Amino acid sequence: MLSAHERVYRPWPGVLAGHRAYLLPEISGVGLTLHEGGTPLVAAPRLGSRLGIDLHLKVEGQNPTGSFKDRGMVAAVAGAMAGGARTVVCASTGNTAASAAAYSARAGLKCLVILPAGAVSAGKVAQALVYGARLVPVRCGFDRALELARELAARTPAVLVNSLNPLRLEGQKTAAFEVASALGGAPDFLVLPVGNGGNIRAYWLGFQQYRRAGLIDRCPRIIGVQALGADPLVRGEPIAEPRTRATAICIGRPAGWNGAMDAIRESGGTVLAVDDSQIFAARDLLAADEGVFAEPASAAAAAGLACLAERGAVPCGSTVVLVLTGHGLKDPDAVLERACLPPVVEPEFPAILAAAGDGGAVDDPGI
Ligand code: AN7
């Protein structure tokens, strides 16, 4: 028999059970989980010292479907179950679809996902398919797809599980609880990507709730980052045809516009935009410096933080949490379409040695 000391495997119970005391009772008792949440806050000393800050990464790519969406989806699907629903529906740039598909499979519900055709990364489409969702690719962008999903939910018994469903934010706010508890308080700054504007509001709600409960004595400044070309909050007006390679946040008319701007204003934060080349540079730096691979939308936040640090807008020594919302493997094409793969060589030792030594990749073996 393993003694209590030897039983080193103690699974995190998931968002609904793990944060039960701070969630609505109508969902906290529903036994639905894929053990989402409880993600690590990883110290980032190399990147942090480049930027002159105390940097920590909230690695949301470690959630069951590889993005932060699982926190809100477990809550929304639990709500749908509690209400006796049989079908859920969402529009999605990909991660919401993957998560909705997984949790509705788990819950035994049908799932319908409306996708902007040709604008969702391969990993996310594969996830939605394999979990058994009904996919409806539509010849439009995300903003129109969301209108259609809302209309479908209004006209049928299907429950909308986009972040217009308040239970989504209820689940997603738990990430703020985890950040505060890992640091023993709020960071000075929290930086995250903004698409539809749900997650930024959820973090703000979470920090405020912990402050009201007396668990933290202040809230962080919240900094939202958008991709240039899909940056309506920065421009102050909707964008009819948003464009960015960071497909997850290719959104021109965020449904959560007001909530996002309130979070930024009330926290004393800001919103800024970075272009795709800054996004890819930040992604590569994050991977090389810290061993963490984030999808382009998440790397946008890293790029935005670098911009602000260079401008002196983040004082030296500040404690900063960078939220990496989705795993890099969601969109391998975003790496491969820019990479130059080395040529294939014959399976002979001299050929391997020559190829390996090329560019000094292997220390001179002295042969
Ligand atoms: C990796 O999946 O909108 O500002 O349909 O996938 O709360 O929208 C995804 C958004 C950031 C933006 N990072 O969050 C969808 C979807 C990643 C994302 C965002 C998304 P919100």
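Me: Hey, which residues come nearest to the ligand here?
Reply: Asn 95, Thr 96, Asn 196, Asn 199 and Thr 325 do, out of 22 residues around the ligand. Keep in mind that this is a predicted model.

Me: Okay, what about Asn 196, backbone or side chain?
Reply: Backbone. A polar backbone atom of Asn 196 is 2.7 Å from an oxygen atom of the ligand.

Me: And Asn 199, how far is its polar backbone atom from the ligand oxygen?
Reply: For Asn 199 the distance from a polar backbone atom to an oxygen atom of the ligand is 2.8 Å.

Me: How much of the ligand does the protein bury?
Reply: The protein buries 99% of the 470 Å² that the ligand exposes when taken alone.

Me: Which elements give two or more residues to the shell around it?
Reply: Two helices do: H5, residues 95–107, and H10, residues 198–212.

Me: Where does the ligand sit, in a cavity or in a pocket?
Reply: In a cavity, and specifically the largest cavity. The count comes to one cavity of 30 Å³ or more.

Me: Nice. What volume does the largest cavity have?
Reply: About 330 Å³. There are 29 residues lining the largest cavity, and those nearest its centre are Phe 68, Lys 69, Gly 195, Asn 196 and Ala 248. Asn 196 is also among the residues that come nearest to the ligand.

Me: Which helix gives the most to that cavity lining?
Reply: H10, with three residues. At least two residues each come from H5, H8 (166–172), H10 and H14.

Me: Switching topic: how much space lies in the largest pocket?
Reply: About 380 Å³. The largest pocket is lined by 20 residues, with Cys 140, Gly 141, Phe 142, Glu 241 and Pro 242 closest to its centre.

Me: Which helix gives the most there?
Reply: Helix H7, residues 142–155, which supplies four residues to the lining of the largest pocket.

Me: How many charged residues are in that lining?
Reply: Six, alongside ten nonpolar and four polar residues in the lining of the largest pocket.

Me: What about the second largest pocket, how much space is in it?
Reply: About 190 Å³. Its lining has 14 residues, and Ala 282, Leu 285, Ala 302, Ala 303 and Ala 306 lie nearest the centre of the second largest pocket.

Me: Which helices each supply at least two residues of that lining?
Reply: H3 (45–51), H13 (276–290) and H14 (296–310). H14 gives the most to the lining of the second largest pocket, with six residues, and H14 also supplies at least two residues of the lining of the largest cavity.

Methods. Residues are numbered from 1 along each chain as its sequence is written. This is a predicted model: local features need pLDDT of at least 70, side-chain atom pairs count only at pLDDT 80 or more; totals for chains, interfaces and linings use all residues. Side-chain values use heavy atoms; hydrogens and water are left out. A residue is near a molecule or strand if one of its heavy atoms lies within 4 Å of it. A polar contact is a pair of N or O atoms within 3.5 Å; within protein, one must be able to donate a hydrogen and the other to accept it, and residues adjacent in sequence count only if both atoms are side-chain atoms. Accessible areas come from the Shrake-Rupley method with a 1.4 Å probe; for residues, only the protein chains shown count as cover. On a 1 Å grid over the protein atoms alone, a cavity is a set of points where a 1.4 Å probe fits but cannot get out, and a pocket is an open set with protein on both sides within 12 Å along at least five of seven lines; lining residues have an atom within 4 Å of a point. A molecule sits in a cavity or pocket if more than half of its atoms lie within 2 Å of its grid points. Grid points are joined across faces, edges and corners, and a volume is the space filled by probe spheres set on the points. Ala, Val, Leu, Ile, Met, Phe, Trp, Tyr, Cys and Pro count as nonpolar, Asp, Glu, Lys and Arg as charged, and the others, Gly among them, as polar.
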